[in-house]
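Dear colleague,

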There are 2 protein chains.
Amino acid sequence: MSRHFNFCSGPATLPLEVLERAREELVDYQGRGLSVMEMSHRGDDFIEIAARAERNLRELLSIPEGYRVLFVQGGASTQFSCVPLNLLGGGGTGNYLDSGVWAKKALAEARHLGGAHVAASTADLGYRRAPAQGEIVLSPDAAFLHYTDNETIGGVAYDYLPEAGDVPLVCDMSSSILGREIDVSRFGVIYAGAQKNIGPAGLTVVIVRDDLLDRARPETPQMLSYRQAADHGSMLNTPPTYAWYLCGLVFEWLKARGGVAAIAEVNRRKAARLYAAIDQSEFYSNPIEAGSRSVMNVPFRLRDESLDQRFLADAEAAGLLYLQGHRSVGGMRASIYNAMPEEGVEALIDFMDGFARRHG
Amino acid sequence: MSRHFNFCSGPATLPLEVLERAREELVDYQGRGLSVMEMSHRGDDFIEIAARAERNLRELLSIPEGYRVLFVQGGASTQFSCVPLNLLGGGGTGNYLDSGVWAKKALAEARHLGGAHVAASTADLGYRRAPAQGEIVLSPDAAFLHYTDNETIGGVAYDYLPEAGDVPLVCDMSSSILGREIDVSRFGVIYAGAQKNIGPAGLTVVIVRDDLLDRARPETPQMLSYRQAADHGSMLNTPPTYAWYLCGLVFEWLKARGGVAAIAEVNRRKAARLYAAIDQSEFYSNPIEAGSRSVMNVPFRLRDESLDQRFLADAEAAGLLYLQGHRSVGGMRASIYNAMPEEGVEALIDFMDGFARRHG
């Protein structure tokens, strides 16, 4: 085979080492005579796989005592419901920062489930940057402040950690978790769909502070309850065992690469190289203000949109996959998560330069 | 490696051919230069994988026009919430048949979300059989009748299809779907967690009649809405792509084995052999009445419980895995789903005979 560079925004490229180990163990896990996906989730072997994954995630993110780590299903979109359901049982209003498509989806679901307050928005700026700290105005009854750390579609990220005083900070970290160091103790809830920096689609990580486990509305479905998941070790019912195992392999890979601090340095280098190539070109452009540019998702446009399909076809022929921007915005997008090697970004830049020369 | 026989109730044994094909394609799917788990769910390759899986499932179950097939997350336990949320928007009461642990869980969640009526129960009989048709008493405002086709823990199943007149029939078919032929047109909703007869844990199949898509309560979380899933081809957000792909491989395997009618014949043979071995023995027993015995999950007890741990240890040493009964009931349980070959059941019977001779 020839391994291609895959810039998909998610499900995203995984480390080759992880895939190869999964292949090696797929039919027979370490001589047990069966696959991980055939194991009882209550058996010793899987319990150890699950516990090791949590241990490694805790170590990678320096998750302090007093926080539970939940491995659940449904993606970040299910968390859009879980957050208001689990946090508004005592009343109050969910406050939301509006930074683009994903923030708006979280906000829409909060409204659908009863109401929400927009504490700041950059919609009027066409989401060219994230809301600034000084723009945040909480409602007097704010029960939490929710924000989207990295807008996967818009390519917008925060270069600071929003401050909300005593109000619990809730963060959708789907497309940035493990990509840089964070201070978990500053958060009430962090959630992330796995399919960018954690593993395959089908698993969602939720990190929740203990004191927030008992604020659920009574009508919260049991399977959406943080308390239920916490009390049952994320096994109120059968968890997505194989996805959990694969995430564990990714955590091991990341530890072997030196952990989050080390990969963050690589990520900054990759992004800086790609943005520089875009900015130095007359042929490509990225509209996001410097301080809000995502390190994980780099959207860009060709000056001449009529070349878009040609660009994508040539890129694919060159082994550079899934560079099409989200269908809602068009253009291009290169997602360069942890598992995208620097050579992949270099290959993309070389390709972009060549394409610009041929068509510029 | 030596492949063992795995009697786990779920996650359950998968066909070896499926695991081997998954291994072969894991790192590079058909020369595409990436794994299925790294593909965009909106790309042509995955769309084809997803559509083929649905086509094959429709063919295997002869699902008629007028039914949607949804591939969602959260397991049957999430469906315990989805059923009342999606079907009670027009008022009325969910009616439930109580046949054991799983029926009771579905019922408990319906009560948690607002109330339910028990239309029949065999709790007083210790769940030694399923409720009979003549025992079913619907409430006057019945909005649906829910039953659990096969009690995975109790080993109790229905040998008839409950009749509810005009009231939509809703069935948790998690541990029996694809194990025998069914007439889908008799049902309003069928749901099933994948991890028994369909594939790995982390995917749930819901088959829902079109006219039931618009009865949801307004507070239904978007990700739990049948209508949303149907309108978005089960891709309101990123689906569990790799689990979906693996389920598709299982469907192809089942078609190659001759489909549901052919496997049903094998299943009947396997179950008949095992129950006969239990019944003919003084050493083992199964308490379920003949007409309600599960073809998929065969619980049994040793006359002398003090030998349980020895039995399990010897079985494991003989390559017969996960025979321990559910922690809530103890004893033994052999789950003999579609992917358990007849040789596995024969090996189990041989082992049981030998154990009984040594310790009887």
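This is a predicted model: local features need pLDDT of at least 70, side-chain atom pairs count only at pLDDT 80 or more; totals for chains, interfaces and linings use all residues.

I begin with helix α3 of chain B, which spans residues 75–87 and contains B:Gln79. With a relative accessibility of 2%, B:Gln79 counts as buried, because the limit for that class is under 20%. Leaving aside residues up to four places away in sequence, B:Gln79 touches B:Val72, B:Pro84, B:Tyr191, B:Thr204, B:Val206 and B:Tyr226.

Helix α4 of chain B covers residues 101–112 and includes B:Ala106, a residue that is buried at 1% relative accessibility. When residues up to four places away in sequence are not counted, the contacts of B:Ala106 are B:Phe80, B:Tyr96, B:His146 and B:Tyr191. As for distance within the chain, the C-alpha atom of B:Ala106 is separated by 38 Å from that of B:Phe355, which is 249 residues away along the chain.

How do these two helices pack? The axes of α3(B) and α4(B) are 9 Å apart and the helices pack at an angle of about 45°, which makes α3(B) oblique to α4(B). The crossing in which α3(B) passes α4(B) is right-handed. On the α3(B) side the contact is made by B:Ser77, B:Phe80, B:Ser81 and B:Pro84, which meet B:Trp102, B:Lys105, B:Ala106, B:Glu109 and B:Ala110 in α4(B). Sorted by class, the residues of this contact are five nonpolar, two polar and two charged.

Turning to the rings, the count over all chains comes to 37 aromatic pairs. In one of them, B:Phe80 and B:Trp102 have ring centres 6.4 Å apart and planes at 50°, so the pair is classed as tilted. This pair links distant parts of the chain, since B:Phe80 belongs to helix α3 of chain B and B:Trp102 to helix α4 of chain B, 22 residues apart. B:Phe80 is buried, with a relative accessible area of 4%, whereas B:Trp102, at 22%, is partly exposed.

A second pair is formed by B:Tyr284 and B:Phe311, whose ring centres lie 6.0 Å apart and whose planes stand at 70°, so that this pair is edge-to-face. B:Tyr284 is in strand β11 (residues 284–285) of chain B and B:Phe311 is in helix α8 (residues 308–317) of chain B, so the pair ties together parts that are 27 residues apart in sequence. B:Tyr284 is buried at 4% relative accessibility, and B:Phe311 is buried as well, with a relative accessible area of 0%. Ring pairs also link residues of chains A and B into a cluster, made up of A:Tyr29, A:Tyr242, A:Tyr245, B:Tyr29, B:Tyr242 and B:Tyr245.

The last point concerns helix α8 of chain B, in which the buried residues are B:Asp308, B:Phe311, B:Leu312, B:Asp314 and B:Ala315. The elements that cover these buried residues include β11, β12 (297–302), β13 (320–321), β14 (332–335) and α9 (342–359) of chain B. After α8(B) comes B:Gly319, which has a positive phi, near 80°.

Key
Residues are numbered from 1 along each chain as its sequence is written. Chains are lettered from A and ligands numbered from 1 in the order in which they are written. Side-chain values use heavy atoms; hydrogens and water are left out. Helices (H or I, at least four residues) and strands (E, at least two) are DSSP runs, numbered from the N terminus. Buried means under 20% relative accessible area, exposed over 50%, partly exposed in between (1.4 Å probe, protein chains only). Contact means heavy atoms within 4.5 Å. Axes are lines fitted to C-alpha atoms, for helices over the stretch in contact, and angles run from 0 to 180 degrees between N-to-C directions. Angles under 35 degrees count as roughly parallel, over 145 as roughly antiparallel, 65 to 115 as roughly perpendicular and the rest as oblique. A crossing is left-handed if the near helix is turned anticlockwise from the far one by less than a right angle, and right-handed if clockwise. Ala, Val, Leu, Ile, Met, Phe, Trp, Tyr, Cys and Pro count as nonpolar, Asp, Glu, Lys and Arg as charged, and the others, Gly among them, as polar. Rings of Phe, Tyr and Trp (its six-membered ring) pair if their centres lie within 6.5 Å; planes under 30 degrees apart count as stacked, over 60 as edge-to-face and the rest as tilted.
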